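Here's a quick briefing to read with the model open in your viewer. Have a look at the structure, then work through the notes below.

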Amino acid sequence: MSLQRFISEAISPWMKNETGPEGDIVLSSRIRFARNFDQYPFPIIASAESAGTLLHYVEKEIQADGSRSAGTLEILKMDELSSNEKRVLVEKHLISPHLSEKSKEGAVLLSEDESVSIMVNEEDHLRIQCLFRGFQLQEGLVLANSIDDWMEEKVTYAFDEKRGYLTSCPTNVGTGLRASVMMHLPALVMTKQLNRILPAINQLGFVVRGIYGEGSEALGNLFQVSNQMTLGKSEEDIVEDLQGVVMQLIQKERSAREALLRSSKMQMMDRVYRSYGLLSNSRIMESKEAAKRLSDVRLGIDLDLIEGLSGNILNELMILTQPGFLQQYAGKGLSPEERDVRRAALIRERIQLEENK
């Protein structure tokens, strides 16, 4: 397995083919554990020597052994990657922006299908991440627990009987669990209901962010919904509570879509096909406009207003049209203007391939 394999395809193998449960609204589910070794300084205060020793141990004792649940794990070290290669991994959600900024001692272990990503020396010693298609939080928790148990056979975690797992950031202390789902919520945005719903979600201990997590923008009506509380509840309770919130959002989004079809079907069709026409014919396309138009087309597919296109087109093109991927395919750095031209061309080609199937 090579680095090229991980950065040459926009859609990870686990995302290909069929959509997952509730896949018209929930694109993916993620479970992430934050863990630290008890005999090493945490990354935020660790010396380069200490962080390097930990990375060497992970490579020798963990990566080389392979996980019973995840299979063979490939290690990619941040100091061996170009800035654009790291950017591509961020765009695919395989590493965090924080890890990509590390030039030394940072690394990621990746499973062959890219559904398991274990970041090393990020904010914590380990960030164990499991990704699934559609709405599969429980399945993600089972896999993450299995990998966590396997890991705990090899290392002693920093753990306190009263506080739970100890982490660099106090907001992760306890279970160290961040559970999240990526949702496509165009109808709630169009009907201006989402802004009224968000405060209630926050009061329940959950947060709604953009597609790359904290501080990121909600491009293409894609939102990441995750837990804020990690202390005082079990992993199972956190996941169960998040599932309840997500199910309510799914129901509200479906109701909003049905209402739009009843009240303004022709306007919806016009919006969807205008976006489809622009994506199919434009010669210049900025990233924000691309995200907006792709969201419209994906909604048209899910509402059966457009036929002959796969719903995966949003997942794929949302990543393919990001700056890192555009430059990776070009094999060189591109100016913003050059990226806009190449983005438009790539979208046209991708749509033509879909239409010719």
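Let's start with Asp79, which counts as partly exposed at 46% relative accessibility (buried is under 20% relative accessible area, exposed is over 50%, and partly exposed is in between, using a 1.4 Å probe and protein chains only). Before going further, keep in mind that this is a predicted model, where local features need pLDDT of at least 70, side-chain atom pairs count only at pLDDT 80 or more, and totals for chains, interfaces and linings use all residues. Residues are numbered from 1 along each chain as its sequence is written, and side-chain values use heavy atoms, with hydrogens and water left out.

**Asp79 in place**

- Asp79 sits in the loop between strand S2 (73-77) and helix H3 (83-91); helices (H or I, at least four residues) and strands (E, at least two) are DSSP runs, numbered from the N terminus.
- Going from Asp79 to Trp14 takes you 65 residues along the sequence and 27 Å through space, C-alpha to C-alpha.

**The whole chain**

- You'll find 12 helices and 10 strands in the chain.
- The chain is as compact as a globular protein of its length, because its radius of gyration is 21 Å, close to the 21 Å that the globule rule gives for 357 residues. That radius is taken over C-alpha atoms, and the rule is 2.2 Å times the number of residues to the power 0.38.
- The C-alpha trace spans about 65 × 45 × 30 Å along its principal axes.
- Buried residues make up 55% of the 357 in the chain.
- Take the contacts with a separation of 6 or more: 72% of them involve residues 24 or more positions apart. Here, contact means heavy atoms within 4.5 Å.

**Surface and charge**

**Cysteines**

- How many disulfides are there? The count comes to zero, where a disulfide is a pair of cysteine sulfur atoms within 2.5 Å.
- Cys130 is buried, at 0% relative accessible area, whereas Cys169 is partly exposed, at 23%.

**Helix H2: Glu49 and Tyr57**

- Helix H2 covers residues 48-63 and includes Glu49. Tyr57 is in helix H2 too.
- Glu49 is exposed, with 65% relative accessible area, while Tyr57 is partly exposed, with 26%.
- Glu49 and Met229 are 180 residues apart along the chain, and their C-alpha atoms are separated by 33 Å.
- Which residues does Tyr57 contact, leaving aside its neighbours within four places in sequence? The list is Phe37, Tyr40, Ile62, Lys154 and Val155.
- Ile31 is 26 residues from Tyr57 in sequence and 24 Å away in space, C-alpha to C-alpha.

**Helix H9: Val297**

- Val297 belongs to helix H9 (residues 287-302) and is buried, with a relative accessible area of 2%.
- Not counting residues up to four places away in sequence, Val297 touches Val272, Ser275, Tyr276, Leu279, Ile306 and Leu309.

**Two positive phi angles**

- Most residues other than glycine have a negative phi.
- Glu114 isn't a glycine, yet has a positive phi of about 70°. Glu114 lies in the loop between strand S3 (107-111) and strand S4 (116-120) and is buried, with a relative accessible area of 1%.
- Asn221, not a glycine either, has a positive phi of about 60°. You'll see Asn221 in the loop between strand S9 (206-209) and strand S10 (222-227), and at 15% relative accessibility Asn221 counts as buried.
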